[in-house]
Amino acid sequence: ALLPIYFIALVWGNGDAEERKNAVVKFFIYTLAGSLFMLVAFVYLYQQAGSFMLEDLYKLNLSATEQLWIFLAFFLAYAIKIPLIPFHTWQAKVYQKAPTVGTMLLSGIMLKMGLYSVIRWQLPIAPLAAKEYMNIFIGLGIAGVIYGSIVALRQRDLKKLLAYSSLAHVGLIAAGSYTLTLDGFRGAVLQMIAHGFVVVGLFFVAEIIYRRYETRIIADMGGIRAQSPKFTSMFLILVLASVALPSTFNFVGEFTVLYSLAQINIWFAVLGGLTIILGAYYMLKMFQYAMLGETNTKLFKDVSINEGITLVIIIAVLFFFGLYPKPINDLITPSLEHILSIVNKYN
């Protein structure tokens, strides 16, 4: 997973070659270093279990100290991959410098690998450590929500704004995972899928604008609505889905995560809910400056058939599962219940 994205960003990325190289090398070193700790943890687990079979690793009867070290080794790898603060410093630059295809892969798929691994590997293998330090890790996730949202407010570059917006959303997903509740797990998985579709759609919109205006600076855009109302409408739907408007897929995931946080501590839910309030502010403000007004006099050529079909498919998925999430719920719930039973085996 790491090598392809390294070359995609290095060879086909944007901007100055030296800056691009620095950003991508930092990303590579960070991610590789975290993965080495995870590798050591898996080697130790193999020595204990004599197998890499998932169920064999789940059955290991590790002491509290062993679980803590395994948990922290996994956490370092996943916190960099997701990323959670303070392990996020590689993210914004790489998102900005990578080509849009690379950014879509990073935000839509690769960071979900870290979130998936938290639920699939980290929590069931080291549940004692997860329970002991639950509040700390939920706090880190929520800190990412607040930090990502505040930094996003100050961004002038569209891709960097979307990068920090992504940081805020994945912080909330991670916080939901660490609640160790079925609602938290379910909300996290639903939000992983929903965020994957929304963020890919938003980066695709950013690329469409860049192709026509050759800028990613929000202040240099404007006046697009008058020239392409259909594109503007599709962009607005993606923006509203991003801020979890009811009837969109993101609302289902975020509401379930916030409900799980409220079960642990109501203040976690209140602080986590800031992602919706702050997100609505900076996303709608960005939409206003990028799409409305008369700032840019360049011709904005209407979206092509292929671009339109891509956006319509993404929007259709967001509305369909926003109104009817049952198919995914039914698919994921048995596995999540099994994982939760393993997490609770020490009770």
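Here are a few friendly questions and answers about the aromatic residues of this predicted model.

Q: How many aromatic pairs does the structure hold?
A: A pair of aromatic rings is described by the distance of the centres and the angle of the planes. Rings count as a pair if their centres lie within 6.5 Å. The number of aromatic pairs in the structure is 16.

Q: Is the pair of Tyr 6 and Phe 7 stacked or edge-to-face?
A: The ring centres of Tyr 6 and Phe 7 are 5.1 Å apart, with 80° between the planes. Planes over 60 degrees apart fall in one class, so the pair of Tyr 6 and Phe 7 is edge-to-face.

Q: Is Tyr 6 buried or exposed?
A: Tyr 6 has a relative accessibility of 17%. Buried means under 20%, so Tyr 6 counts as buried.

Q: Which helices does the pair of Phe 71 and Phe 137 link?
A: The two rings form a tilted pair, 4.9 Å centre to centre with 55° between the planes. Phe 71 and Phe 137 are 66 residues apart, so the pair links distant parts of the chain. Phe 71 is buried at 0% relative accessible area, and Phe 137 is buried at 6%. The helices are α4 for Phe 71 and α8 for Phe 137.

Q: Which ring does the charged end of Arg 216 sit over?
A: A charge sits over a ring only when CZ of Arg is within 6 Å of the ring centre and within 35 degrees of the ring normal. The charged end of Arg 216 lies 3.8 Å from the centre of the ring it sits over, and that ring belongs to Tyr 210.

Technical notes
Residues numbered from 1 in each chain as written. Predicted model: local features only at pLDDT ≥ 70, side-chain atom pairs only at ≥ 80, totals over all residues. Heavy atoms only, no water. Phe/Tyr/Trp six-rings, centres within 6.5 Å; stacked < 30°, edge-to-face > 60°. Buried < 20%, exposed > 50% of the residue type's maximum accessible area, 1.4 Å probe, protein only. Helix = DSSP H or I, 4+ residues; strand = E, 2+ residues; numbered from the N terminus.
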